Amino acid sequence: MATTLAEQPAAPIPVNDPTNIIVETRNLGKIYRDFWGRKKVNALKSLDLEVRRGEIFGLLGPNGSGKSTTIKLMLGLLFPTAGRVFVFGKEATDVAKNERIGYLPEESYLYKFLNAEETLDFYGRLFDMSAAVRRERTEKLIQMVGLQRARRRQLKEYSKGMTRRIGLAQALINEPEFLVLDEPTTGLDPIGTREMKDLILRLRDEGKTILLCSHQLADVQDVCDRVAILHQGELKELGRVDSLLKVQDVTEIQASGLTEDAKREIQAVIERHGGVTKKMDNPTATMEDLFLEIVRESEQRPGRRGGGS
Amino acid sequence: MNNRSLGRKITYILMIVGLLLPLYYLGRPASKGSGKITELRSRYRMGQADLGKLDPTSESMRLATLGMRGIASTILWIRADYYKEEKYFDRFSATLNQIALLQPHFISVWQHQAHNLSYNVSPEFEDYRQRYEWVKKGIDYLVKGTSYNSQKPILQYDLGHYLGNKLGKADEKRQYRDLFRNDNEFHQYFVDKGLNAVGDDAMGPDRKPDNWLVGKLWFETAYQLVAAGAGIKKSAHLLYSYSPLWQMYHGEAIEDEGVLDERARFVWERAGREWKDFGNRELTGTTTVAVILRSLDVARDEVEKLRSRFVELTGDAAKLAEDVKKQKIPEAKMAAYLKPSEQRSLTENREANEVAMLIQPTYQEIAGQLPRAKQIEALEIAEQLGAAEDYLKNTQSLRDQVNYSYWEVRAAAEQQQTMVDARRLMFEANQLIDLADIKGAVEKYEDAWVRWNMVFRYYPAIMTEEVGEEVLKSINRYKKLIDADLDESFVLWEFMNFRRSYDADYLDFDVERTLSLWNEYALKLGTPEDFFNSPMAKTLGFKDSGDAKPTEGADVKPDKNPSPQTPPQSTPATDVPSQDTVESNTRPPKLENPDAPN
Amino acid sequence: MRLYPEQFWTYSEWLFDHNGLRDGLLLALVLTALGFVIGLIVAVVKHGPGEGFLNVAKLIGQLFTVDIPRISFRRIFAIARLAIKESIRKKVLVVVGVFIVGMMFAGWYLDESADYPARLYISFVLTMTNYMVIVLGLFVSCFSIPADIKNRTIYTIVTKPVRPLELFLGRVTGFMAIGTLVLVSMGLLSYVFVVRGLYHEHEVVSTDPDGLKGETSYNNRHKHTFTLNDTGTGQTDEIKGHSHLIEKVGDKIVIQGPIDDLTARVPVYAKNLRFTGRDGEDNAGYNVGYMSEYQKYIEGDTLSSAIWKFEGVSPSLFDQAIKYDLTISAFRTYKGDIVTPVGGLIYFRSTDGTVETDRIPFKVKEFLTDRRVLPLQLKGFKDGEPADLDFFKDIAPDGSFEVVVRCQDRGQYLGMAAADIYLRPNDLYFYWNFIKGYISIWLQMFIVVCFGVMFSCFLSGPVAIIATLSAIVLGFFGFFVDEVYKNTSGGGGPVEALIRIPMQSGSAIELDLGNPALETSIRTIDRGLLYSIQLLKSAVPNFDQLGTADFVAYGVNLFGGLLGRHMTIALGYFLLTCIVSYFFLKTREMAA
């Protein structure tokens with residue numbers, strides 16, 4: 001375990017049980033080459049992480065940081081150039097694992113000429129489900145994602161949000177244990193985003209393991225149990241969201257209804273104890289702070305942040 | 001890296017523009033000036049609409065190949081070759097139609113494949129009727145070609161040849177001609193395509209269209225196109241000879257088939273007229289100066305006149321000029337030249353000939369030897385003389401190429417009642433042989449020989465080609481009938497001798513000179529009317545006019561001791577089955593030839 | 001029509017007697033070994049010797065342990081249905097419209113004056129259908145998977161438990177379903193087109209005084225003559241491959257529509273044809289100088305003869321008489337009698353030669369079918385003595401007999417191939433033969449689709465099209481490749497040809513660049529290129545041979561054996577493409 005920063009055994013699930021590790025990457029790397037075999041991009045550099053049963057794991061990073069590559073490697077859509085990736089303890093290229101996986105791609109890549117029912121029916125068939133099961137699941141999922149009124153419309157007429165929802169529905173057709181969501185909230189309005197987040201949390205509560213990748217920090221902050229932050233193909237941070245955001249020697253004070261005098265008084269107390277008042281303001285989205293800090297630091301000093309080297 | 005790719009893109013765009021600019025410049029509409037392509041297109045009549053019919057089938061087929069017309073037609077050619085080789089002839093012809101649709105303005109396709117159909121595929125069939133059908137397909141193909149290529153008279157020209165030569169000269173010409181005569185649908189097809197194949201000009205003696213005459217009509221269509229400015233890669237003298245020639249072949253063909261009366265004479269009369277018109281035509285293109293074939297005598301006189309004036313004017317200047325030139329010849333060569341020819345070695349002989357050529361002064365050089373005062377005039381004449389000589393030479397050469405004099409004489413001869421009679425008698429005799437009437441046949445033959453003798457005497461030239469050959473064949477049959485060899489008492493003995501040398505092509509036998517001797521004699525016979533109508537003509541021969549006998553060539557030894565001749569008897573040819581409209585008293589008298597064994 | 005003896009082998013004869021099975025298995029073995037070696041080399045280059053070998057072994061292991069056993073037909077059909085929907089959405093059914101338009105203008109291309117219009121009509125529709133469905137197969141099959149990869153819809157497919165083979169099979173099934181639909185519509189349209197196009201009527205234009213003989217009107221570029229029998233019925237003569245039935249109804253003579261132009265003869269061919277030479281010695285027949293080696297010739301008025309041996313002809317096929325057809329041709333060394341065709345003699349004899357029929361004279365009907373009848377009770381010779389014979393008792397007791405043909409005219413030749421004489425017991429329905437012709441086309445489309453899907457598994461759409469098209473072109477013009485390779489067509493290989501074009505040098509003359517070394521090197525390069533093209537050619541299906549349009553067009557029943565062979569070959573290519581696709585899909589990064 002390479003995590004050094006704020007590693008706390010907060011997860012309720014025992015880590016050392018191998019059946020509880022859904023995804024494990026070992027020293028995973030991917031180099032894209034051009035037609036002539038020349039190295040083009042080093043998209044991912046020796047990534048080690050694991051996703052544990054029952055958690056919502058967030059992959060975080062700016063565009064081009066290697067999030068999508070990681071997901072594609074896990075799904076067997078790409079083959080690693082270094083290291084290995086195991087899903088349910090099997091090679092990622094093994095087709096059988098797909099029985100237990102649901103995948104919502106970045107931009108629901110679906111057949112635009114099918115309607116919602118046909119789409120779900122088609123994917124149901126790919127899971128070799130009987131007609132009855134397909135009917136029942138289709139019905140349930142359409143209800144769940146709220147597409148009852150658009151079930152007979154071709155997907156090409158769908159709005160962005162509807163497309164995301166039908167995408168999610170197809171990812172759930174097989175009632176997967178493990179759900180991979182690539183940018184689940186992009187293109188959604190605030191209400192849609194909220195609904196999606198609620199749905200994700202509900203799915204976690206149903207016992208599904210969820211891996212989501214996003215560059216929307218708020219999403220990660222709200223729903224993820226653990227996050228990994230990637231930048232330029234390198235893992236920068238990994239850990240529980242709360243501990244990552246907790247800075248040890250910074251005390252945040254939040255209060256309301258204080259007068260200017262009271263504030264001055266409090267400041268005096270701090271000074272008396274030898275502290276320095278850094279900020280006394282309304283708090284900001286701290287995930288963003290962390291993120292920007294990582295990016296800034298990483299540009300000055302490549303490599304795993306804080307620990308390791 | 002971004003900059004580099006931007007730079008590359010800009011380079012590409014510049015290159016494309018660079019290539020487009022000249023194209024734009026050349027391709028502008030002519031009205032804007034400097035539309036080079038438009039200009040060229042209209043000059044060479046390459047515009048689609050100029051080429052001929054715009055056919056939706058052809059256009060759609062070309063479009064359907066999506067610009068891969070070349071590949072498509074190559075594939076079709078390969079297919080066609082395969083079909084021909086493996087004898088899938090129906091499909092072969094269907095493929096040819098498709099090729100033609102892809103390349104409708106490619107003349108060689110039409111020509112080549114029409115030839116394939118008419119000349120290569122048709123002989124594969126066993127039944128002559130099927131063969132005829134395939135010859136027709138070739139013709140049909142060419143006809144189709146004409147509608148796509150209105151400016152290419154070569155197709156009409158080919159059609160003239162196919163209809164004439166292929167149908168009229170093949171081994172199965174009798175059958176072909178017969179099938180054609182009765183092929184009403186085919187005639188109608190020509191009519192539909194704009195050729196009046198059922199008009200008077202196309203009708204043979206039986207009032208049905210004749211292949212030679214229809215062919216002739218195609219030639220005339222070609223001439224009209226040429227007259228209207230379409231180009232054709234054929235020499236004028238050959239091109240324009242075909243129409244009258246086809247008229248003559250038509251005459252020959254109907255005579256072969258037994259039409260031996262006024263109708264045949266009429267055909268030949270027309271042929272003669274047309275041949276004369278052809279001879280009077282100004283033929284341009286082949287030579288620098290337009291040539292008129294029939295102006296040969298005038299041209300010859302002109303040369304003579306100029307030459308004698310020149311000689312008169314220059315006197316011994318020619319000798320002087322030659323002497324000047326002799327100065328420049330090296331000693332050794334000159335010595336060879338001066339040696340008597342028997343003593344020269346081979347090399348010397350060659351050298352001597354060379355010298356002879358070198359010392360021959362030109363007219364200009366001769367004129368140059370004259371005093372100033374006379375020089376100008378002499379040079380002028382020299383120039384005229386040179387031109388006149390060139391013209392004479394050209395005329396002579398073109399005449400030789402179309403065999404002008406032969407056909408001129410032939411047409412004249414064929415118009416003579418005597419020749420028609422001679423032919424008819426021979427034809428009837430041949431028929432009598434088939435009926436096993438030996439005596440009748442011999443009599444007819446002997447009647448014919450006398451007439452042939454007259455014709456050959458008066459028109460010696462026709463002894464040379466087909467006519468002579470036919471007569472010779474009949475003589476051989478006759479020989480078999482009488483079962484004896486012929487000797488010099490045979491009335492056509494001299495003709496036989498001539499023909500023997502002519503056929504064997506002896507080295508020392510000069511057709512020209514022998515014929516000119518015969519001609520000299522013929523010239524003394526007066527007008528044809530006088531000659532053929534005078535009873536005396538029958539008795540005339542070389543035998544009693546020893547001063548003008550043709551004695552050239554080893555084998556031509558005319559008889560010096562004329563045999564006794566019986567006086568001519570005038571009997572109307574009542575034994576001839578008369579389809580003839582001519583009154584019998586215009587007939588030449590019949591003559592018994594005592595020389596012939598009976 | 002060109003029919004070679006190997007085309008009338010039965011299926012089992014081909015499979016066992018003529019080693020079809022052995023050669024097929026051998027080929028499969030060679031290809032497997034080749035594929036294995038190539039795969040191994042690639043894997044070793046990529047992953048190093050140890051892991052490379054392991055990977056290949058794993059791949060092959062998975063094929064048999066998981067990927068084949070776990071194939072689900074539901075998944076295949078789901079993908080197939082999707083392919084169908086996709087094709088319909090891409091408006092592939094428009095080709096049917098194009099086909100109709102093509103047929104509307106077919107009259108422009110068809111030669112009405114042909115001797116056998118039926119042949120042209122049928123081969124036209126079949127060829128057009130053939131090309132169109134092949135192009136259709138090409139386009140639908142090549143773009144589908146690449147399009148999925150480009151739209152990334154493949155992401156949602158391959159992250160489902162879909163096996164590579166299912167992906168391939170699903171596509172092929174779908175495209176074939178849509179292709180079949182198109183083909184069936186084209187077939188129906190074609191059938192109507194042919195039947196209607198050939199239908200025509202004649203009027204009676206003239207009869208002789210007693211009203212029994214006459215001539216019909218001139219329609220469709222021909223006319224017939226006819227003779228009625230006492231009962232007032234009859235048949236016209238055969239012109240352009242058909243005749244008409246004629247009936248006298250009251251005073252009127254009624255001419256019905258054409259018959260016999262759309263047939264499906266079921267010929268009984270001889271097992272072999274041998275020749276004897278001028279003095280009766282065995283030879284291979286004479287060649288009279290044609291490029292085509294199909295027919296061989298016998299010389300007239302000599303002992304030269306052609307002998308066909310028939311085996312196992314069942315008497316039950318011929319209850320009244322033996323009907324047989326001749327399609328012999330003639331070659332004249334001199335013109336001879338122009339009006340009369342070259343004549344020949346034909347007679348039947350027992351295999352031991354002791355019993356033979358009288359000589360029957362015939363005249364050659366070049367390029368036409370001479371329909372003849374031999375009575376079962378006939379006169380002939382037994383041991384050299386004249387005798388009355390019964391065909392099946394005396395001549396062919398076990399169904400085996402020989403047919404001998406000689407040429408009568410001195411110096412002329414008769415030409416024949418094994419298929420130029422055949423017994424014609426009965427005719428099958430034309431429509432059934434027509435359907436069989438379409439099955440042949442279906443097989444060709446099937447092969448094209450298999451190749452298209454295979455190439456699209458690892459190439460982008462346009463490149464897959466080019467690859468498939470190259471395979472098709474090689475398949476159709478393999479004979480041309482052969483010719484160029486054997487240098488019988490002249491003009492040299494690709495490089496030489498490229499040089500010749502700007503030089504405008506004809507193919508009949510030797511290439512002359514004035515530099516022997518250069519010429520030699522060009523030829524060497526060409527040899528190499530041609531050799532590789534030749535190799536490639538032998539791996540692609542020979543479409544030219546798979547085409548059976550001729551059978552339908554010429555009214556010869558398409559033998560079950562031949563169709564079976566073609567099906568087997570198609571199946572072979574299906575398996576080949578299946579396996580190749582499997583390995584490519586399995587080893588391909590879908591998101592790359």
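A nonpolar patch is made of residues with over 30% relative accessible area and no salt bridge, their side chains (Val, Leu, Ile, Met, Phe, Trp or Tyr) being joined within 5 Å. The model described here is predicted.

Chain B carries a nonpolar surface patch of about 1200 Å². Its members are B:Tyr12, B:Ile13, B:Met15, B:Ile16, B:Val17, B:Leu20, B:Leu21, B:Leu23, B:Tyr24, B:Tyr25, B:Leu26 and B:Ile37. Helix H1 of chain B, residues 2-27, gives the most to this patch, with eleven residues. One patch member, B:Leu26, is placed in that helix H1.

## The contact between chains B and C

Chain B also touches chain C, with 31 residues from chain B and 38 residues from chain C taking part. The two chains bury about 3200 Å² between them, and carbon and sulfur atoms account for 52% of that area.

A salt bridge joins B:Arg91 to C:Asp550, where the closest N and O atoms are 2.3 Å apart.

On the side of chain C that touches chain B, the elements giving two or more residues are helix H6 (106-109), helix H7 (117-151) and helix H13 (478-485) of chain C. Sorted by class, this side of chain C has 25 nonpolar, eight charged and five polar residues.

Technical notes
Residues are numbered from 1 along each chain as its sequence is written. Chains are lettered from A and ligands numbered from 1 in the order in which they are written. This is a predicted model: local features need pLDDT of at least 70, side-chain atom pairs count only at pLDDT 80 or more; totals for chains, interfaces and linings use all residues. Side-chain values use heavy atoms; hydrogens and water are left out. Contact means heavy atoms within 4.5 Å. Buried area is the accessible area (1.4 Å probe) that two parts lose on being put together, summed over both. A salt bridge is a side-chain nitrogen of Lys or Arg within 4 Å of a carboxyl oxygen of Asp or Glu. Helices (H or I, at least four residues) and strands (E, at least two) are DSSP runs, numbered from the N terminus. Ala, Val, Leu, Ile, Met, Phe, Trp, Tyr, Cys and Pro count as nonpolar, Asp, Glu, Lys and Arg as charged, and the others, Gly among them, as polar. Patches are made of residues with over 30% relative accessible area and no salt bridge: like charges are joined within 9 Å, nonpolar side chains (Val, Leu, Ile, Met, Phe, Trp, Tyr) within 5 Å. Accessible areas come from the Shrake-Rupley method with a 1.4 Å probe; for residues, only the protein chains shown count as cover.
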